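Let's take a friendly look at the aromatic rings and the pocket of this protein. Keep the structure open beside you as you read.

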Amino acid sequence: MRRSQPNPEEGLLLERYMQAWQAANLDGLIELLREDATYRMPPWGEWYQGREAIRGFLETVWANFAGYRTVVVGANAQPAVAVYSRSYHDPAWRAHSLHVIEPGEGGIAAMTVYVPPLGPKLFPAFGLPPG
């Protein structure tokens, strides 16, 4: 089930989340998380819990990309963001991942990030182009 508009509080959280991704601002992203936040990545079995564990993972992967763009979507009645990326070798924007955000008291409680190869395959279901 999709929801077209987040409530105002979720909207602000989502805007800040998107800004952090687009600026590759890891500190800004981590600030949005609750201390006990979880980060899951279907279809991968890996997951991370807590700000420092999530930071450690993202530090290893953000440097692999030359930039990110984001688009607000709704998924499973929760706020969500589609992320496009480009590499250092290919300047074209490509569908990268779909992020479903679970807001909670004090910030983001959980992120379920549908990573490649699954994530990009989900973009058409949201009316989004692959690049």
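## An aromatic cluster

Tyr 17, Trp 21, Trp 62, Phe 65 and Tyr 68 come together as one aromatic cluster. Please keep in mind that this is a predicted model.

## Aromatic pairs

Searching the whole structure turns up 8 aromatic pairs. Phe 65 is partly exposed, with a relative accessibility of 23%, whereas Tyr 68 is buried at 6% relative accessible area.

Tyr 84 and Phe 123 make an edge-to-face pair, with 5.1 Å from centre to centre and 85 degrees between the planes. This pair connects distant parts of the chain, as its partners are 39 residues apart. Tyr 84 belongs to strand β4 (residues 78–86), and Phe 123 sits in the segment after α4 (118–122). Both Tyr 84 and Phe 123 are buried.

## The largest pocket

Now for the pocket. The largest one has a volume of about 180 Å³, and 17 residues line it. Nearest its centre lie Phe 57, Val 61, Phe 65, His 96 and Val 115.

Two or more lining residues come from each of α3 (51–62) and β5 (94–104). The biggest contribution is that of α3, with 4 residues. Sorted by class, the lining of the largest pocket holds 13 nonpolar and 4 polar residues, and no charged ones.

Technical notes
Residues numbered from 1 in each chain as written. Predicted model: local features only at pLDDT ≥ 70, side-chain atom pairs only at ≥ 80, totals over all residues. Heavy atoms only, no water. Phe/Tyr/Trp six-rings, centres within 6.5 Å; stacked < 30°, edge-to-face > 60°. Buried < 20%, exposed > 50% of the residue type's maximum accessible area, 1.4 Å probe, protein only. 1 Å grid on protein atoms, 1.4 Å probe; cavity = no way out; pocket = protein on both sides within 12 Å on 5 of 7 lines; lining within 4 Å. Points joined across faces, edges and corners; volume = space filled by probe spheres on them. Nonpolar A, V, L, I, M, F, W, Y, C, P; charged D, E, K, R; others polar.
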